[in-house]
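Trainee: Could you help me learn to read a protein model, one feature at a time?
Mentor: Gladly! Let us look at it together.

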Amino acid sequence: MRRATTPKWPDDREDDVTLLKSEMDLLRSVPIFAGMEPSRLKLIAFTSDSIAYRQGQIMCRQGERGDSAYVLVAGEADVSIETEDGDFVVATLGPGDVVGEIAILCDTPRTATVTAKSDVSALRVRKECFLQLLRQFPEIAAEVMRGLAERLTHMNQELVAARNRAAIAPDAAD
C-alpha cells in the first residue's frame with residue numbers, strides 16, 4: 001500500500017501565491033479598493049501588473065495611445081501638458097490616485113504626460129480589465145468619477161486664476 005504524501009508546490013508557484021497576496025495587501029492600502037472583499041481584491045490583483053518607476057521615469061506620454069490605467073500605490077507623480085512655453089505641471093498625484101483613465105474611457109490619445117516625481121509603485125490595469133472592473137464594481141466606478149470630478153474642479157480653478165492674472169497684467173503695465 002502506498003502512503004499518501006503532501007504534494008509540494010514548485011518554487012515558482014509558491015512565489016506566485018506570495019506575489020498575489022502582496023498585491024492584495026497593496027490594493028487594500030489604496031482607498032478605492034480598501035473596503036472590497038478579498039475575492040474581489042484577488043481578481044483585481046490577478047488582472048493587474050505591479051510596476052515600479054524610478055524618479056524622473058515617464059509612466060505615460062501625452063499623445064500616445066492609452067492601453068492602461070494606473071493606480072498609484074506609493075510615491076508621487078507629476079501630470080504635465082505640453083505648451084508652447086514647455087511642459088506645464090497641472091497636478092501632482094499620490095497614493096490612491098488613478099491616472100490614465102481618460103484615454104481609456106474616452107478612447108482618445110493620452111491627454112497628459114505622467115512622470116514619476118519620486119520612486120513610484122503602481123498597479124497597471126489593462127484597458128479591457130479596467131472597463132470590466134468599472135462595470136462589475138460600481139464602487140470603483142464612483143471613485144474614478146470622483147477623482148475625475150476633483151481634477152476638473154481643480155483645472156477650472158486654475159483656468160479662472162490664469163484668466164484673472166492675464167486680465168490684471170495689462171493694467172499693471174500702465
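**Rings and strands**

Mentor: The structure holds one aromatic pair; rings of Phe, Tyr and Trp (its six-membered ring) pair if their centres lie within 6.5 Å, and planes under 30 degrees apart count as stacked, over 60 as edge-to-face and the rest as tilted.
Trainee: How are the planes of Tyr53 and Tyr70 placed?
Mentor: Their ring centres are 6.3 Å apart and the planes meet at 75°, so this pair is edge-to-face. Because Tyr53 lies in strand β1 and Tyr70 in strand β3, the pair ties together parts 17 residues apart in sequence. Helices (H or I, at least four residues) and strands (E, at least two) are DSSP runs, numbered from the N terminus.
Mentor: A word on the source: this is a predicted model, where local features need pLDDT of at least 70, side-chain atom pairs count only at pLDDT 80 or more, and totals for chains, interfaces and linings use all residues. Residues are numbered from 1 along each chain as its sequence is written, and side-chain values use heavy atoms, leaving out hydrogens and water.
Trainee: Is Tyr53 buried or exposed?
Mentor: Buried means under 20% relative accessible area, exposed over 50%, partly exposed in between (1.4 Å probe, protein chains only). Tyr53 has 8% relative accessibility and counts as buried; Tyr70, at 5%, is buried too.
Trainee: In which order do the four strands form the sheet?
Mentor: Strands of a sheet pair through backbone hydrogen bonds, either parallel or antiparallel. Here the open sheet runs β1-β8-β3-β6, with antiparallel pairing; two strands pair if DSSP finds at least two bridges between them.
Mentor: β1 (48–53) and β6 (98–99) stand at the edges with a single partner strand each, so one side of each has no neighbour in the sheet.
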